[in-house]
Amino acid sequence: MASGRSTLAESLRELYQFSVVDYCMFGAMLLLSAACGIYFGFFKRNKGGTDDTGTPESSSSDDDESGHRTAPVDSGGKRKTQTTFGSSTMDEYLLGSRKLKAFPVAMSLVAGYISGVTILGTPAEIYNFGTQYWLIVIPILLMGVAVCNVYLPVFCSLKLNSSYEYLELRFNTYVRSIASVMFVIDELLFLPMIIYVPALAFNQVTGFNLYVIGAIVCVVCIFYTLLGGIKAVVFTDAWQVVVMFISVVVVVIIGTIAIGGPDVIWDRSVEGGRIDFFNLNPSMYERQTFWAVLIGGFFYWTSFNSVNQTMVQRYMSLPNLKKAKLSIAMFTVGMGVFVSVCCYAGLLLYGKYFECDPATVGLVTTDDQLFPHYVMEAVGKLKGIPGLFIAGVFGAALSSLSVVLNSTSAVLLEDILKGLFRVNPSPFVANVFVRGSVVVLGLAAMGCLFIIEKLGGILSVATSLSAIAAGTTCGIFTLGMLVPWSNTQGALFGGVSGALLSGWVSLGSQFASAAGEIVPHKLPVSVAGCIEDLVTNVTLVNPIYPDESEVFPLYRLSYHWITPIGVLTVLIVGTAVSFITGPRDLRYIDPELISPVIHRFLPQESFGNFGTASKNAATAAGPVSFCEEMQPHTNVVSSSVATVPYGATVERNGQVSGHEISMMK
């Protein structure tokens, strides 16, 4: 009878297959993504090519009175427009010449963060463990506040190409190298997971081979990222996030109407024990609790979005702090809404399958196939809807993958090649290196795809892997920005300690889970409403969970606690070692390297050093000035301070800008 159930399951899958319309929608998504790369790589021409400082560069241009080069003048006295194909400089390829708009960048941030892990993993998490995870919306909002006030002003002030350059300015090159290498390793581990999720969904509805689909995703993504740089990434993400949102919302609305409305879903969820927002159990071993979601969620989201190069690179593509804060505000609200929709989708799944769990009867083999299976069963007969959904999942994957490829190539150039190996390549070599890195990283991700097939529970796996690097690097940045007396020894010892401890906990729990020593305690399901052929020889019994009391305690921790462990370990060890080895003399520290929320605690003498550590600071003979990003927090009054009126101009790195400043004598 087992073979009979298998035959029936295969027949049900064949019943809900892609139509021609579905394939057309899916194909249109891929073609549009590739077209963005072609547009920004070949047809989007830039007026007056610029160098890395924003200075126009052209062999036939003339110098203006300030020494900057300008486009030649035609016979009619008008400036000729200098055009180049695609991204003419690394600054444009990696940062869009810092001239992008807030809304597209915000949508890119949303699209980059929402991978297929979110779309498929979050509903499965709610279905299996209840609504406690839904409270993650609160940490998301708090994360936005923390990033805008603590970390962002420092990056906007320094105007770095890579976030990890900060660590060399604040500590030394070894700290920078450790963090950047950790970032590259983390992204290499996460890349194949980004590909696996949409391939899994597509396999569920079409039967196509996982590896073939993975190869298609990689090739398309490598193509438009390689050609168009961050401009193609951002603007492709912007429309992809619309497809993502529409696809999930359409499925949710149609499913809600079909099931009888939200009341039916809520009642069934209450009956099945899925509604639980205030599990106040203080145990750190339970997967989802009020404290784990709020505390662990805040640390995780803040760690990833505050200092990670994939996010900071897009913050830096905006012209100023105000635009960056606006972009983060839109990103925060967008993420809260999208995650909420995905959580509601989890309740929708339970409302549909509350009496016939697909996993128990063999219709799905992993939790992450649950949502695609629902889409094909509930709305599969509506031509175009499954195609829209799969296009949304693939759009999420493409956006996340392109962001990782672009930002990782930037880190390889700025932090590994230039920072670690001290190689200063020519513009041509840098261009070849970055674009070559995009290709190699994409191919490496495709080659590692088979590893992910052996792992289950995508949401927790993804969170655990990212938490090692995210928690440690955020801890080091936080140590530098919020603990001004911390020194290089503290950063090194703290960073190594945080990585080892969080890695030990994360990987140890994964190995224990793979060995069957730890099994997530899922909420009960039912097969009472399944058709007879599916439940023949299926006996639903209460699962027998292994005795976890013999498992090492750290391995039993909820995945939510891994990031806080990493961050706090870095801060505690780093601070202690700094005091033991001799804390920094705050009189000689550069306030530009310290978060503005700490400026009020710095000695007055330190503000005379403002900008001295930054490559963008004024020359030694020139004035030392506060940048606009730091000004609101540097109200220092002293006889040694001369106040310059609002609107005064200050020259930084050869460029004149007007803003309110304070100058130290």
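**View 1. Ser 409 and the residues it touches.** In this predicted model, Ser 409 is in contact with Leu 94, Val 434, Ser 437, Val 438 and Leu 441, leaving aside its neighbours within four places in sequence. Ser 409 belongs to helix H15, which covers residues 385-420. With a relative accessible area of 0%, Ser 409 counts as buried. Its side chain reaches the backbone oxygen of Asn 406 at 2.7 Å.

**View 2. Ser 306 in helix H11.** Here we're looking at helix H11, residues 290-307, where Ser 306 is found. Which backbone oxygen does the side chain of Ser 306 reach? That of Thr 302, at 2.5 Å. Skipping residues up to four places away in sequence, Ser 306 touches Val 147, Tyr 151, Phe 155, Val 312 and Cys 474. Ser 306 is buried, at 1% relative accessible area, and Cys 474 is buried too, at 3%.

**View 3. The disulfide of Cys 356 and Cys 530.** A search of the whole structure turns up one disulfide, and here it is: the sulfur atoms of Cys 356 and Cys 530 are 1.8 Å apart. Cys 356 lies in the loop between helices H13 and H14, and Cys 530 in the loop between H19 and H20, so the pair ties together parts 174 residues apart in sequence. Both cysteines are buried, Cys 356 at 17% relative accessibility and Cys 530 at 10%.

**View 4. Cys 218, a cysteine in no disulfide.** The nearest cysteine sulfur belongs to Cys 221, 7.5 Å away. Cys 218 counts as buried, at 0% relative accessibility.

Methods
Residues numbered from 1 in each chain as written. Predicted model: local features only at pLDDT ≥ 70, side-chain atom pairs only at ≥ 80, totals over all residues. Heavy atoms only, no water. Helix = DSSP H or I, 4+ residues; strand = E, 2+ residues; numbered from the N terminus. Buried < 20%, exposed > 50% of the residue type's maximum accessible area, 1.4 Å probe, protein only. Contact = heavy atoms within 4.5 Å. Polar contact = N/O pair within 3.5 Å; in protein donor to acceptor, adjacent residues only side chain to side chain. Disulfide = S-S within 2.5 Å.
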